[in-house]
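Subject: Structure handover

Hi,

Here is the structure you were expecting. Please load it first, then read the notes below.

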Amino acid sequence: MRIPAHSVCTAIRDDIVAGVYERGSRLTEELLARRYGVSRVPVREALRTLEAEGFVVTRRHAGACVAEPTEQEGADLLEMRLLLEPLAASRAAQRRTEAHLKVLRGLVRLGQERARRGNSDDLRSLGGWFHETLAQASGSPAMSSMLTQLRHKIAWMHTVEAPADPVESWAEHGAIVDAVARGDGDRARAITALHTERSTAAHRLRFASGPDRAERVRNSQHPVNMSGLRH
């Protein structure tokens with residue numbers, strides 16, 4: 001069975017975002033292939049994709065290395081998201097399907113319930129799922145892909161403080177869905193712009209790397225998720 005390069009790419013990207021690989025560290029095909037339990041071919045393809053996305057750079061005499069983005073690049077990513085998230089919401093108001101609305105409403109119900117109970121453990125993942133679904137509802141695969149990539153890179157470069165009032169934050173999610181359901185693109189754009197601006201203020205750059213990250217790389221095994229792959 002040949003493991004698709006995109007599965008290997010996802011695994012490496014997730015580890016980069018999680019900080020398993022330090023910025024500037026080398027990514028050798030042999031070690032990556034051993035770590036993820038695959039051949040070097042999908043690793044090579046994955047590294048090319050990750051270089052195009054900005055997570056990896058190729059250096060003379062060193063080969064593939066984890067990129068070292070600047071503070072300005074981190075600020076640019078947040079600014080790009082401020083522009084694209086409201087646009088995606090506006091498009092979603094015109095192009096969403098009933099399936100999109102069903103998922104969005106379900107996520108809002110879950111988020112509001114957990115926010116009221118003070119159970120914040122799942123709120124970040126629910127929020128990510130919400131914004132990913134909203135981007136998909138825009139009907140633009142290119143925009144959805146770009147926003148997904150932005151979210152990955154922002155998560156890599158920033159820590160995010162929990163909302164001071166998660167109930168209010170999820171009320172904004174609900175208002176976005178209401179506007180999208182009514183087909184009101186202007187209101188969907190305006191509410192999403194406010195929501196994204198407030199979220200941006202909670203982001204903090206993180207450049208420090210923990211002393212145990214290299215040790216985690218050496219000691220951990222991270223096989224690629226094989227579920228759903230065809231023999």
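Two strands pair if DSSP finds at least two bridges between them. Strands S1 (residues 56-59) and S2 (residues 63-66) run antiparallel and are joined by 4 bridges. Bear in mind that this is a predicted model.

**Confidence**

The chain has a mean pLDDT of 88, and 88% of its residues reach 70 or more. Over residues 208-231, however, the pLDDT is below 50. That stretch still has 37 contacts in the model beyond near neighbours in sequence. Where pLDDT is low, the predicted coordinates should not be read in detail.

**The S1-S2 hairpin**

Thr 58 has Ala 64 of S2 as its bridge partner. The hairpin has 3 residues between the strands. His 61 is found in that loop between S1 and S2. Its phi is positive, about 70°, although His 61 is not a glycine. Most residues other than glycine have a negative phi. Is His 61 buried or exposed? His 61 is exposed, because its relative accessible area is 77% and the cut-off is over 50%.

Val 56 sits in strand S1. Val 56 is buried, with a relative accessible area of 2%. Val 56 touches Ile 16, Leu 27, Leu 47, Leu 50, Glu 51, Ala 64, Cys 65 and Ala 67, leaving aside residues up to four places away in sequence. From Val 56 to Glu 68 is 12 residues in sequence and 8.6 Å in space, C-alpha to C-alpha.

**Helix H1**

Helix H1 (residues 5-18) has 14 residues. At 1.5 Å a residue, H1 should span 20 Å, and its end C-alpha atoms are 20 Å apart, which agrees. How many of the residues of H1 are buried? The count is 10 of the 14, so H1 is largely enclosed by the rest of the structure. The buried set is Ala 5, Ser 7, Val 8, Cys 9, Ala 11, Ile 12, Arg 13, Asp 15, Ile 16 and Val 17. Their cover includes helix H2 (29-36), helix H3 (40-53), S1, S2 and H7. Gly 19 follows H1 and has a positive phi, near 85°.

**Cysteines**

How many disulfides does a search of the whole structure find? The search finds 0. Cys 9 counts as buried, at 4% relative accessibility. Cys 65 is buried too, with a relative accessible area of 2%.

Helix H4 (residues 71-95) has 25 residues. From its first C-alpha to its last, H4 reaches 36 Å, close to the 36 Å expected at 1.5 Å a residue. The buried residues of H4 include Gly 74, Leu 77, Leu 78, Arg 81, Leu 84 and Glu 85. Also among them are Pro 86, Ala 88, Ala 89, Ser 90, Ala 92 and Ala 93. What do the buried residues of H4 pack against? The partners are helices H6 (123-136), H7 (141-157), H8 (166-182) and H9 (185-201), plus strands S3 (158-160) and S4 (203-205).

Look at Arg 151 in helix H7. The side chains of Arg 151 and Glu 85 make a polar contact at 3.4 Å. Arg 151 touches Glu 85, His 131, Glu 132 and Ala 135, again not counting residues up to four places away in sequence.

Best wishes

Conventions
Residues are numbered from 1 along each chain as its sequence is written. This is a predicted model: local features need pLDDT of at least 70, side-chain atom pairs count only at pLDDT 80 or more; totals for chains, interfaces and linings use all residues. Side-chain values use heavy atoms; hydrogens and water are left out. Helices (H or I, at least four residues) and strands (E, at least two) are DSSP runs, numbered from the N terminus. The expected span of a helix is 1.5 Å times one less than its number of residues. Buried means under 20% relative accessible area, exposed over 50%, partly exposed in between (1.4 Å probe, protein chains only). Contact means heavy atoms within 4.5 Å. A disulfide is a pair of cysteine sulfur atoms within 2.5 Å. A polar contact is a pair of N or O atoms within 3.5 Å; within protein, one must be able to donate a hydrogen and the other to accept it, and residues adjacent in sequence count only if both atoms are side-chain atoms. pLDDT is the predictor's confidence in each residue, from 0 to 100.
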